[in-house]
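This report covers strand pairing, a nonpolar core and aromatic contacts. Please look over the chain below before reading on.

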Amino acid sequence: MRTVWKIAFPLLLWPVSVVAQNPTPPTQPTPLLQSPPTTNDSTPGLDTTTPPSPEPTPIRPAQPPAFIYLRPIKQPPIAPGQFTVFNLSAGYAVANLAIPSSGRVALRGMDVSLAADSGRRISAKLDLSYTRAPSVFNGGHHTGAFSYLFGPVFSVWNGKSLSTYAHVLAGGAKVTGTIPNASGGLSVGYVHYPAWAFGGSAEYRLSPAFGFRVTIDCLHAHFFNSAGATHGQNDIRVVNSIVYYLGEPIRGRHRQRLPL
């Protein structure tokens, strides 16, 4: 019996010792630790016996992939470019045409040309000219020359107000006139053959829209000789014309790209 009592007595004392070590009633919640005065009330209190929790990592916006990443690029302005500018001229033309048995006759008329100026050394030009003279041999028939020429124009000197050019044009010319025949009378005929011209011009700019041009060239056309045969001949032609620039002049054009 004593042996059983010795074993049972320690088992009765063990729950009492456990209750003595935990005086807080199980029905009461564990009080929370108060934050220190210097900290924000929204931050939970820290226990000195436990290590501080790591600071929260800030959330950053995700970067787009490299192949779609766009950023402003500062680009230098584009240098002044070359632009094609058309100019139209119309004026008074005088041609010195050789006529058989009459020497040379002055033909007067009109000349119209259209040129495409690209701002480079070489441009293009289309020239149309028609000149005529009244009856040479009092036969009641006039003498006339119509030419249509096209070709390159070379810039020789380009100044602010005065510019000079040289040209070589090719095309055709139709010359109509009265010539003496073998029977002592007069015959009327025309010759339509290929023609060409070479010469130069000086151009003075009156304003950004208008200019004055003087052109002197040698026109090679065909007409009849004293025997009635067709032959080539060189005639001098002088043209005074007013030039109208279709659009803004090249010297004033500067294309510039703004930085992005």
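## Nonpolar core

A nonpolar core is a set of buried Ala, Val, Leu, Ile, Met, Phe, Trp, Tyr and Cys residues joined through side-chain atoms within 4.5 Å. The model examined here is predicted. Its largest nonpolar core holds 19 residues. Leu107, Leu149, Val175 and Phe223 touch the most other members.

In soluble globular proteins, nonpolar side chains tend to be buried together.

## Strand E7 and its partners

Strand E7 spans residues 210-224. The strand is mostly covered: eleven of its 15 residues are buried.

E6 and E7 run antiparallel and are joined by ten bridges. The two strands form a hairpin, with four residues between them. Gly199 has Asp217 of E7 as its bridge partner.

E7 also pairs with E8, again in the antiparallel sense, over 15 bridges. Phe223, named above among the core residues that touch the most other members, has His231 of E8 as its bridge partner. The hairpin of E7 and E8 has five residues between the strands. There, Gly228 takes a positive phi near 90°.

## Aromatic pairs

How many aromatic pairs are there? The count comes to four. Trp196 and Phe198 form a stacked pair. Their ring centres lie 5.8 Å apart, with 20° between the planes. The pair counts as stacked because planes under 30 degrees apart fall in that class. Trp196 is partly exposed, at 37% relative accessible area. Phe198 is partly exposed too, at 41%.

Phe210 and Tyr244 form a tilted pair, 5.3 Å centre to centre and 45° between the planes. This pair links distant parts of the chain. Phe210 belongs to strand E7, and Tyr244 to strand E8 (residues 230-246), 34 residues apart.

## Charges over rings

Which ring lies under the charged end of Lys174? The charged end sits over the ring of Tyr190, 4.6 Å from its centre. A further contact of this kind involves Arg205. Arg205 lies over the face of Tyr245, at 4.2 Å from the ring centre.

Technical notes:
Residues numbered from 1 in each chain as written. Predicted model: local features only at pLDDT ≥ 70, side-chain atom pairs only at ≥ 80, totals over all residues. Heavy atoms only, no water. Phe/Tyr/Trp six-rings, centres within 6.5 Å; stacked < 30°, edge-to-face > 60°. Buried < 20%, exposed > 50% of the residue type's maximum accessible area, 1.4 Å probe, protein only. Lys NZ or Arg CZ within 6 Å of the ring centre and 35° of its normal. Pairing = 2+ DSSP bridges.
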